[in-house]
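Morning, everyone. Let me put the model up and go through its contacts.

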Amino acid sequence: MLKRLLLLRGTEIIVLALLACIPLTVSNSYLLGLLTLLTIYGILLIGLDVTVGYLGQVNLAQAAFLGLGAYAAGLSVSLLGFGMMGALGVSLLVGLVLGGVLAFPALRLEGPQFALATLSFSALSTTVLNEWDGLTGGAQGLSLNRPPLFGQTLGASGFYWLCLVILALVWMGMRNLLASQWGRAFEALRDSPIATDAMGVGTFRHKVAGFALGSSLGGLAGGLYAFNFQYLQPQSFTYDLMVILLLGVVLGGRKSLWGAFFGASLIVLLPNLLSNRILFEVISAAGLLLALVAGGRGWMKKTTKPFQALAPVIAMGMLVAGGFMVENTENWRKAIFALMLFSVVVGLPDGIMGFAARYLTKLFRISPSALPPASNLDDVLPLGKSSGGVLLELQALKRYFGGVKAVDGINMKVKKGQVHGLIGPNGSGKSTAVNVISGLYAPTSGEILLGGKPLPRGSLFKVARAGVSRTFQNLQLFGELSALDNVMLALKGAYRVPLPLVLLGFSRAEDRRAKADALALLALAGLADQAGMRAKDLTYGAQRFLEIARALARKPELLILDEPAAGLAHPDVSVLVSIIKSIRERGITIILIEHHMDVVSELCDTVTVIDSGQVIAEGTPDEVKRDPKVIKAYLGVAPDEPVAMPA
Amino acid sequence: MNMTIIAQMAVSGALMGMVYALIAYGFQLTYATSKSINFGQGELVMLSAFFSLTLLNLGAPYWLMVIGGLLFGAAMGLVVERACVRLALEQKSEGWILLTIIFGLLGFSAAENIWGRDDRPFPSPISSDALDFFGISITGLEIAVAVGVLAVMGVIELFKHKTLLGKAFAAVSADRDAAELMGISATKTIMLSYGLSGMVAAMAGILISPITTVGPTMASALILKAFSVAVVAGLDSGFGVVVIGICLGALESLTSFYLGSGWREAPGLLLLILALAVRPNGVFGKANIRKV
């Protein structure tokens with residue numbers, strides 16, 4: 001534990017100190033220029049990594065935010081006479097506001113649509129910078145002077161130190177943020193936006209916040225960029241730069257501050273790398289070798305498909321061959337970027353830092369950080385029988401899809417503290433009914449009352465916040481997050497520290513408490529010893545139990561379990577039954593959709609049977625099993641005398 | 001302002017818009033089968049145009065150039081499918097966006113170095129003399145564009161609706177897994193769609209080049225407009241892209257007339273962002289239901 005902290009923080013401090021000392025010992029203005037650029041690109045790429053790495057979207061607007069921030073800083077100095085800090089503040093704000101504005105249309109979008117929205121935004125901003133020449137000087141460019149910082153004029157090394165300090169602050173802020181609930185939420189909404197909403201976390205605000213944050217760092221980097229070069233041109237911030245930035249993030253390694261830093265160094269060094277023929281050939285040969293080794297290993301172990309292993313080798317081979325054939329590598333720089341980026345995306349999806357991190361963790365035997373002892377479960381979910389009365393009431397609930405009447409006028413009352421079964425043949429409308437209750441679909445008509453008050457309609461997020469939690473028939477776990485993080489993400493009422501304090505690192509205490517509480521819930525689901533595993537690596541049964549633990553973290557009044565036993569092996573079914581029993585002991589009302597009749601008989605106090613979107617029977621499990629209408633619905637014929645229901 | 005001039009601008013813009021529609025149609029073809037589009041399609045148009053120009057310069061007759069250009073486009077489409085799209089889809093990632101962008105970059109750089117950075121004229125057997133329709137002059141080239149676009153789209157639509165292979169297309173786009181269970185190879189259908197899409201891109205290049213000239217920068221100019229058309233119209237309506245393409249072309253030409261040519265791309269881009277915000281499935285697209 002201490003070793004981990006020492007190694008990780010120690011490396012950061014040593015690198016920072018080294019970077020800070022260089023101007024004291026070496027007086028080479030070219031080197032200083034490169035270092036300054038390195039810090040600026042570092043900030044820019046950390047911002048880009050929020051969308052590309054954590055939100056998992058291809059963001060093509062970061063170069064535009066760099067440009068907009070740069071022009072904002074430049075103009076606030078030349079037109080408004082702002083000082084250094086004021087101008088940088090303006091550039092940060094421009095990135096934040098425009099990022100927020102762009103995030104709204106981009107919000108509902110995934111994948112290609114998101115990429116398109118950001119691409120149009122950057123094309124549009126280049127047009128504006130070019131054409132609004134009264135303000136920006138158009139294609140002629142904009143010259144500006146570096147303003148004083150608190151009355152002091154900054155020389156080259158002074159400005160470098162300023163950039164370095166800002167990079168260090170951004171680094172610390174981001175590290176704190178990404179380790180907090182915010183970071184978890186960013187990753188969660190990449191893996192499953194639906195579950196993020198259903199856990200009351202809210203995709204909306206986190207997506208906007210994540211994008212605006214990344215863009216604001218782009219703007220801030222733009223401000224520094226402006227004061228570094230003191231001359232701006234719209235052509236500097238086009239698509240070409242964007243591709244280079246993506247190269248930096250992907251090659252360095254996504255979801256990693258070190259990756260962003262490494263990517264930035266690479267971008268800064270690329271021009272030198274390309275102009276020096278021998279260096280270029282050495283590096284391309286090394287790339288080819290790496291592709292051969294990595295591809296060969298993957299191919300031998302059959303973890304990668306042949307073409308997947310071969311493609312990076314071909315790309316790197318083209319690079320090496322090109323190095324011998326082409327007269328001037330400088331002219332081919334775009335093609336060189338393309339080939340390098342291609343090889344990395346295909347052959348090294350975690351980037352160089354992702355690869356190195358795994359290797360270094362093994363080398364230094366760095367263990368993952370230790371877990372706190374679990375809280376007492378009774379403190380997380382207090383014991384207690386809730387008194388009778390109706391918790392949930394459905395009044396003539398309807399949901400039509402076009403002409404299909406999936407739910408056609410259901411009336412149902414769920415009593416407090418009961419396990420209420422909801423059964424019916426396949427396609428009878430059970431799942432649609434709970435999807436309407438939990439807010440995935442808005443009802444076509446009818447009322448849903450929770451404790452006498454109408455439940456919000458058609459919003460998973462609002463229903464979750466109102467005290468209803470659910471699991472999904474088709475698992476909706478956050479696959480890349482650990483089991484522990486899955487539960488921590490959903491934990492209700494655990495995170496109260498406001499964003500500015502989170503950035504300063506004041507959320508550690510509450511995060512620790514949340515971790516302890518989440519461990520207690522994992523223990524309830526029998527997953528205490530698998531807390532650190534990624535959700536997608538758990539066994540199928542464990543994944544089902546994890547969904548229950550996660551839903552419990554909402555501390556719900558009403559818990560909806562949508563076919564929790566589907567696909568479970570027999571021993572797991574008995575575990576499931578005992579988990580549900582211990583949940584009932586804590587006074588939580590449960591709606592259980594299930595096909596296993598033995599599970600239903602054992603657990604349910606009341607059972608409602610649905611067929612063709614309508615209630616056909618209600619009563620105790622034994623009563624409905626004998627109901628002729630129920631038997632007909634399942635077997636298709638009304639028997640002369642009652643027969644047992646199929647299990 | 002003289003009405004005739006406005007009408008003149010609108011009509012020539014609209015005819016150019018037909019080409020944007022054709023490129024956008026290429027996006028629809030691949031989106032239907034694989035839910036992916038080639039972000040390097042603009043470069044594909046440009047590369048095919050350059051290749052065709054080279055064929056002409058080598059002395060090939062015009063009809064042979066068209067065939068050669070189309071085959072080249074189809075081949076490039078297949079390369080994109082194998083090296084970018086399928087590779088990424090095998091890893092179940094959105095990596096295809098990045099990989100097709102990379103392909104475009106490589107194509108751009110290659111064109112810059114092989115054919116040079118300057119714009120070059122592209123000869124055409126059709127005369128560029130203007131014909132007069134009610135005071136609006138339209139060149140033969142512009143008419144050829146309209147006819148060519150509609151012919152290509154018509155042939156492909158016929159193919160999709162009247163042949164068995166075309167029905168496989170519809171099957172894969174409706175439900176990939178079900179189609180596979182019925183013995184249709186989704187992989188082959190996706191390859192076919194990328195081949196067709198590349199061919200369509202090559203046709204767009206051959207049609208538009210005599211009017212605009214050929215140069216590496218034509219790629220980015222065209223692709224942004226084609227994206228706008230495809231998104232505003234929706235990625236599943238062939239009729240929609242033609243309508244929106246014509247409107248957008250006219251709008252663009254009027255914008256550049258009134259605000260200056262630097263702004264000509266602005267309305268399309270704004271419309272694209274607006275369309276994504278208000279109707280992510282496009283004006284002619286169908287909304288889909290969230291499923292869990």
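Domain bounds here come from an automatic or database domain assignment. For chain A, that assignment gives domain 1 (39-237) and domain 2 (378-383 + 391-635). Housekeeping next. This is a predicted model: local features need pLDDT of at least 70, side-chain atom pairs count only at pLDDT 80 or more, and totals for chains, interfaces and linings use all residues. Residues are numbered from 1 along each chain as its sequence is written, while chains are lettered from A and ligands numbered from 1 in the order in which they are written.

Domains of chain A. Taken over C-alpha atoms, the centres of domain 1 and domain 2 of chain A are 40 Å apart. In contact (C-beta atoms, placed from the backbone, within 7 Å) are 20 residues of domain 1 of chain A and 25 residues of domain 2 of chain A. Which helices of chain A each supply at least two residues of the domain 1 side? They are H7 (156-179), H8 (181-191) and H9 (193-198). Helices are DSSP runs of H or I, at least four residues, numbered from the N terminus. H8(A) gives the most to that side, seven residues.

Now the chains. Here, 43 residues of chain A are in contact with 36 residues of chain B. On the chain A side, H4 (84-106), H5 (111-131), H11 (239-252), H14 (306-325) and H15 (333-347) of chain A each supply at least two residues. H5(A) has the largest share, 13 residues.

Last, composition. Ala, Val, Leu, Ile, Met, Phe, Trp, Tyr, Cys and Pro count as nonpolar, Asp, Glu, Lys and Arg as charged, and the others, Gly among them, as polar. The side of chain A that touches chain B divides into 29 nonpolar, ten polar and four charged residues.

Notes. Two residues are in contact if their C-beta atoms, placed from the backbone, lie within 7 Å.
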